[in-house]
Amino acid sequence: MPHFLNSGDLAVFAHFLGLRRWLDRARIDLVMDIGGNIGQFASALRYMGYCGDILSFEPIPDAFAALSRRMRGDERWHGIQIAISDHVGEDTLNIMEATVYSSFRSRVTQNESASDTVREKLLVPVRTLKNIIDQMNLVSRLPRTFIKSDTQGYELSVLRGLGKYIDRVKLVQCELSSIPLYDGSPFMTEIIDFLHEHHFQSVSFAPVSGESVRPLEFDYLCVNDAARP
């Protein structure tokens with residue numbers, strides 16, 4: 001086993017196993033996939049056996065095209081080509097050479113690698129989750145909803161955009177960084193404190209990738225026990 005798995009890989013694997021159990025335990029039947037990119041996370045959920053509804057949000061045109069191809073034939077997986085924020089309108093997105101690192105914020109290590117080199121700046125539509133929930137009549141489903149946010153330093157804005165509905169959502173997973181990776185991004189404890197203020201309790205804290213012995217980014221999963229149908 002030491003030749004195939006390191007402690008980071010085991011932590012990532014254990015996190016996904018735990019997430020799969022929580023999807024069942026919380027009876028989740030709607031996943032809001034914020035920062036869907038080309039559908040990697042949603043596809044992983046399907047691979048793990050999740051069969052409920054998925055709404056993936058992705059504003060980058062070529063990434064959304066790839067996402068659309070991946071969704072094809074899955075009647076319970078739908079995509080919306082917008083970004084999610086704490087306001088409604090338009091914002092300029094920094095699209096990186098590696099699109100998974102694209103953000104409304106600038107990288108601290110700008111232009112040092114593909115992950116932080118801006119390919120183009122694109123004006124994209126932004127909406128709040130509260131706006132989406134109201135428009136799609138999803139309020140009654142929130143106690144069975146899992147929100148995943150992977151928005152490269154923009155997680156707190158996504159969560160604040162829930163408004164009053166954050167107290168009704170059952171599960172949240174967001175990506176946190178142990179050091180500032182984007183200019184002006186909140187420190188990880190600020191995001192955790194915000195979620196704790198809204199009744200969320202920690203479930204899992206795992207490195208995003210098992211490749212590094214000193215990971216900089218973590219997937220943080222938390223549950224709101226007060227959210228009931």
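Strand E9 and strand E10 (residues 217-224) are joined by seven bridges and run antiparallel. Within this pair, Ser 204 lies opposite Leu 221 of E10. The model described here is a predicted one.

**The sheet**

The E9-E10 pair belongs to an open sheet of seven strands, ordered E3-E2-E1-E7-E8-E10-E9, in which the pairing is mixed. From one strand to the next, the twist averages 20°. Helix H3 (residues 61-71) packs on the sheet, where the helix touches strand E2 (53-57) and E3. The direction of H3 makes about 165° with that of E3.

**The chain as a whole**

The secondary structure of the chain consists of six helices and ten strands. The radius of gyration is 17 Å, close to the 17 Å that the globule rule gives for 229 residues, so the chain is as compact as a globular protein of that length. The C-alpha trace spans about 50 × 50 × 40 Å along its principal axes.

Further values for the chain are collected below.

| Property of the chain | Value |
|---|---|
| Buried residues, share of the 229 residues | 51% |
| Contacts with a separation of 6 or more that are made by residues 24 or more positions apart | 69% |
| Accessible surface | about 11,000 Å² |
| Share of the accessible surface belonging to carbon and sulfur atoms | 52% |

**A residue of helix H1**

Ala 14 is located in helix H1 (residues 7-25). Is Ala 14 buried, exposed or partly exposed? The relative accessible area of Ala 14 is 44%; buried means under 20% and exposed over 50%, so this residue is classed as partly exposed. In sequence, Ala 14 and Asp 62 are 48 residues apart, and their C-alpha atoms are 32 Å apart in space.

**Confidence of the prediction**

The pLDDT of the chain averages 91, and 93% of the residues score at least 70. Over residues 1-5, by contrast, the pLDDT is below 50. Beyond near neighbours in sequence, the stretch of residues 1-5 has two contacts in the model.

Key. Residues are numbered from 1 along each chain as its sequence is written. This is a predicted model: local features need pLDDT of at least 70, side-chain atom pairs count only at pLDDT 80 or more; totals for chains, interfaces and linings use all residues. Side-chain values use heavy atoms; hydrogens and water are left out. Two strands pair if DSSP finds at least two bridges between them. Helices (H or I, at least four residues) and strands (E, at least two) are DSSP runs, numbered from the N terminus. Axes are lines fitted to C-alpha atoms, for helices over the stretch in contact, and angles run from 0 to 180 degrees between N-to-C directions. Contact means heavy atoms within 4.5 Å. The radius of gyration is taken over C-alpha atoms; the globule rule is 2.2 Å times the number of residues to the power 0.38. Buried means under 20% relative accessible area, exposed over 50%, partly exposed in between (1.4 Å probe, protein chains only). Accessible areas come from the Shrake-Rupley method with a 1.4 Å probe; for residues, only the protein chains shown count as cover. pLDDT is the predictor's confidence in each residue, from 0 to 100.
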